[in-house]
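Me: I would like to go through this two-chain model with you. Could you put the sequence and structure up before we start?

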Amino acid sequence: MNNTLGQGGGAVLGSFRVDTTSNQGHPADFWVENIIGQLIYVADSAPQPIRDQAIAYRESMRVVIDIGVRQAILSNHTTLIAHLKKAGMHEAAALIQTIKP
Amino acid sequence: MVATAGICHTFKQELLVATHNFTITTGDVFKIALMTSASTNTPTTDHYSGGTININSEVAATGGYTAGGNTLANITPVLNGTEGCASFSTTTWSTSTITARSAMIYNSTDGNRAVAILDFGSDKVSSAGDFTITFPAQTAGNAIIRIT
């Protein structure tokens, strides 16, 4: 009688993404999608009712994260503007104020 | 020449003697270093430095890149289906000017032992911008490091 000792497993490397920008950072939308992608993954093989619920939850979370990311950017702008004004760089502060997240 | 992607051979043996700990916060510190298209690293690479086969053609330490690369934020491994899955949070070199073709993940806590070589497929370029690597969902069939 033969015993099966293994089923062909191994250490496997997954795929990944590389995203770059020029003369600017990633927009808020990039980070919203990035965070959503890390938090909630909906498998294609999931049963349809579960899949539908998971997608609905993901979309509701997307709204929350979108607001949070943009507010964080605006808060950082506020801090930068305050520092620049304190240093007498009013033009730079005004420039930052025009950048929308 | 370009680097060849894959899980490093020595890493497979090191798993069996509990060398690496991917637990969030309390685990080992893993880093990711970038390499140019001149790199010839393959999964036979055993260390970032201090080993028999080390990193070669790392991106120069200018333009927002520092030697050794970025520290990764661990995500505690999970069992998903029949696969053990490890992953990391997204990492970014901000305000950087970088051209890189591949990367090496390594364990800086434990002698800079190599974990994996990543191939970007082509040169990726940031110019006074962001250079971001996003790891896949931590699930079977997707996670960046999987034991199947």
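Reply: The questions below take up each chain and then the interface.

Me: Ground rules before we begin?

Reply: This is a predicted model in which local features need pLDDT of at least 70, side-chain atom pairs count only at pLDDT 80 or more, and totals for chains, interfaces and linings use all residues. Residues are numbered from 1 along each chain as its sequence is written, chains are lettered from A and ligands numbered from 1 in the order in which they are written, and side-chain values use heavy atoms, with hydrogens and water left out.

Me: Which elements does chain B have, and in what order?

Reply: Chain B has 1 helix and 8 strands, arranged from the N terminus as β-α-β-β-β-β-β-β-β. Helices (H or I, at least four residues) and strands (E, at least two) are DSSP runs, numbered from the N terminus.

Me: And what is the radius of gyration of chain B?

Reply: The value is 15 Å, which agrees with the figure near 15 Å for a compact globule of 148 residues. The radius is taken over C-alpha atoms, and the globule rule is 2.2 Å times the number of residues to the power 0.38. The C-alpha trace of chain B spans about 40 × 30 × 25 Å along its principal axes.

Me: What share of chain B is buried?

Reply: Buried residues account for 49% of the 148 residues in chain B, where buried means under 20% relative accessible area (1.4 Å probe, protein chains only).

Me: Now chain A. What is its pattern along the sequence?

Reply: Chain A runs β-β-α-α-α, with 3 helices and 2 strands. Its radius of gyration is 22 Å, well over the 13 Å that the globule rule gives for 101 residues, so chain A is more spread out than a compact globule. Its C-alpha trace spans about 85 × 30 × 20 Å along the principal axes, and buried residues make up 20% of its 101 residues.

Me: How many residues are in contact between the chains?

Reply: In chain B, 34 residues are in contact with 24 residues of chain A; contact means heavy atoms within 4.5 Å.

Me: Which residues of chain B lose the most area there?

Reply: They are D130(B), T132(B) and T134(B), together giving 23% of what that side buries.

Me: And what is the area buried between the two chains?

Reply: It is about 2,200 Å², with carbon and sulfur atoms giving 55%. Buried area is the accessible area (1.4 Å probe) that two parts lose on being put together, summed over both.

Methods
Buried < 20%, exposed > 50% of the residue type's maximum accessible area, 1.4 Å probe, protein only.
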